[in-house]
Amino acid sequence: MLESLKRTRVNTQVQTHHHGHDVGERLYLHRHSIVHETASYLKVIAAITFILVAVSTPITNWQAFIGYFIWVLTVAAIAKIPFTLLFKRALIEIPFIFFAILMPFFGSGERFVAGPFNLYREGLLAGAGIVVKGTLGVLTAIILSTSTTAREILRGLERLRLPALMVQIASFMLRYVNVVNDEMERMKVARDSRGFEATGIKHWKVIATAAGALFIRSYERGERVHLSMLSRGYEGVLPHDEVEKSKASDWLMVLIYPLVALVILLITTLIGN
Amino acid sequence: MSTPSLEIKELAFAYPDGNQALFGVNLSINKGERVALLGPNGAGKTTLVMHMNGIHPTAQGSVRIAGELVDAKNKDSLKQIRAKVGIVFQDPDDQLFMPTVGEDVAFGPYNMGKRGEELDAIVKNALDLVGMAEFKDRPPHHLSFGQRRRVAVATVLAMKPEILVLDEPSSNLDPASRRELADILRSLDITMVMVTHDLPYANELCERAVILKGGIIVADGSTHNILTNKALLEANRLELPVGFSIQ
């Protein structure tokens with residue numbers, strides 16, 4: 001009789017991802033590394049200055065870019081980010097690269113022949129610049145977002161005096177993206193349960209109506225959240241942590257990221273001349 | 001007799017579209033009382049609650065919290081009132097908007113000017129009251145519905161309110177969470193108004209019940225008397241669950 005209580009196990013692949021179902025934090029990869037532990041606002045500063053250095057390097061100084069790539073990959077290794085993950089996430093830039101690849105075919109000025117193609121020198125340099133500098137920027141952003149929770153990045157931005165309103169909007173988005181996502185999922189399940197299958201353009205109306213309903217619901221939720229905030233004395237300011245001063249050594253540590261790039265730039269420029 | 005925690009006199013209210021929801025509500029609740037606010041859907045229960053802390057400005061009549069008039073135009077007094085009236089909304093996701101449980105509980109007291117260690121102590125105390133202290137650093141999204149409801153209660157308790165208003169506290173809870181919440185609510189030494197359709201829950205927790213229907217209070221008495229008055233319940237679209245009886 002108890003036979004019926006036997007449990008049949010299903011072989012499932014265990015999700016290795018740290019926050020599998022959390023839409024807001026799915027970029028974050030939990031590791032213990034010096035990059036993970038650095039204060040988020042310092043990381044944001046480091047990322048931006050590094051990108052500034054990279055962007056202001058002339059594309060003709062190609063040795064510098066080789067140095068930059070080696071350095072970025074080194075930092076990714078220090079942050080214990082698997083290279084496969086890094087490259088997979090870097091694929092996000094493909095739509096942008098697509099236009100850069102077209103650039104050598106259009107333009108004006110000096111032309112040259114490469115294989116079957118008749119290319120513009122100017123366009124090739126500009127396109128290559130976009131691809132190379134864009135990739136550096138994307139890789140830097142990936143290291144930042146993989147080693148820092150979205151929540152921490154927001155705190156960092158707040159610390160860097162980004163207008164409070166923008167930080168608030170972004171943090172609400174982070175909080176409610178999961179709620180809205182679940183709601184959307186439930187609506188989809190309810191649709192599918194009644195035999196709906198989106199196969200073609202004639203079903204767009206259903207999808208659009210659902211999107212509209214979701215919008216209204218979210219809007220109304222926004223009003224309810226606002227009510228509950230007012231009920232607890234909200235006056236336009238969200239609580240934030242007391243600011244902790246960073247030590248000079250922290251600054252030095254984090255500035256190494258752009259500084260190494262700067263040194264590479266200087267050395268390659270000097271050698272180049 | 002001390003000042004009542006909540007005193008509502010001749011409160012009437014119509015929505016901007018002309019739809020009148022309240023037609024002269026009179027209700028007085030003493031300190032320490034636990035009162036169930038019953039009534040069918042659309043009776044004006046939520047509208048009444050929204051008047052208790054000035055979210056809806058009082059158009060006609062008056063609402064007093066511990067003797068202080070709720071006046072939506074007086075910003076300073078409104079802030080005091082909102083500290084005194086703690087509303088726990090029906091959907092905890094509406095109430096828990098901060099990234100972590102601890103930060104959410106800190107939201108109210110922070111707005112009241114609390115900082116540093118004092119704030120930490122308040123947060124810890126409020127979470128202890130609902131047995132959720134160990135979840136302080138967790139995002140609300142990772143909690144179960146029952147846990148979120150308890151945290152929602154804590155966010156309000158952290159403001160040390162004079163009166164706790166709960167909108168459908170037992171809705172969507174599994175039986176164990178429902179009982180756990182009842183234990184927590186019973187352990188709190190606070191004036192309480194509970195809006196609910198869950199009559200056994202009202203019977204369990206509140207010694208007094210009022211029925212709101214058509215925008216006025218149509219019955220006010222001991223929960224026992226009201227729930228055993230079949231004719232009264234029937235007239236107000238209230239029903240005890242099948243098989244449930246009160247001696």
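In the predicted model, the interface between the two chains joins 21 residues of chain A to 22 residues of chain B. On the side of chain A that touches chain B, helix 8 (164–193) and helix 9 (204–231) each supply at least two residues. Helix 9 of chain A gives the most, with eight residues. By residue class, this side of chain A divides into nine nonpolar, five polar and seven charged residues.

Chain A is itself divided into two domains. Domain 1 is built from two segments, 20–159 and 243–272. Domain 2 covers 164–196 and 207–231. The centres of domain 1 and domain 2 of chain A, taken over C-alpha atoms, are separated by 34 Å. Eight residues from domain 1 of chain A and seven residues from domain 2 of chain A take part in the contact. The side of domain 1 of chain A that touches domain 2 of chain A comprises four nonpolar residues, one polar residue and three charged residues.

Chain B contains ten helices and ten strands. Its radius of gyration is 18 Å, close to the 18 Å given by the globule rule for 247 residues, so chain B is as compact as a globular protein of that length. Along the principal axes, the C-alpha atoms of chain B fill a box of roughly 55 × 45 × 40 Å. Of the 247 residues in chain B, 46% are buried. Contacts in chain B were also examined by sequence separation. Among those between residues at least 6 apart in sequence, 65% join residues at least 24 apart.

Conventions
Residues numbered from 1 in each chain as written. Chains lettered and ligands numbered in written order. Predicted model: local features only at pLDDT ≥ 70, side-chain atom pairs only at ≥ 80, totals over all residues. Helix = DSSP H or I, 4+ residues; strand = E, 2+ residues; numbered from the N terminus. Nonpolar A, V, L, I, M, F, W, Y, C, P; charged D, E, K, R; others polar. Rg over C-alpha atoms; globule rule 2.2 N^0.38 Å. Buried ≥ 20, exposed ≤ 12 C-beta atoms within 10 Å, placed from the backbone. Domains from an automatic or database assignment.
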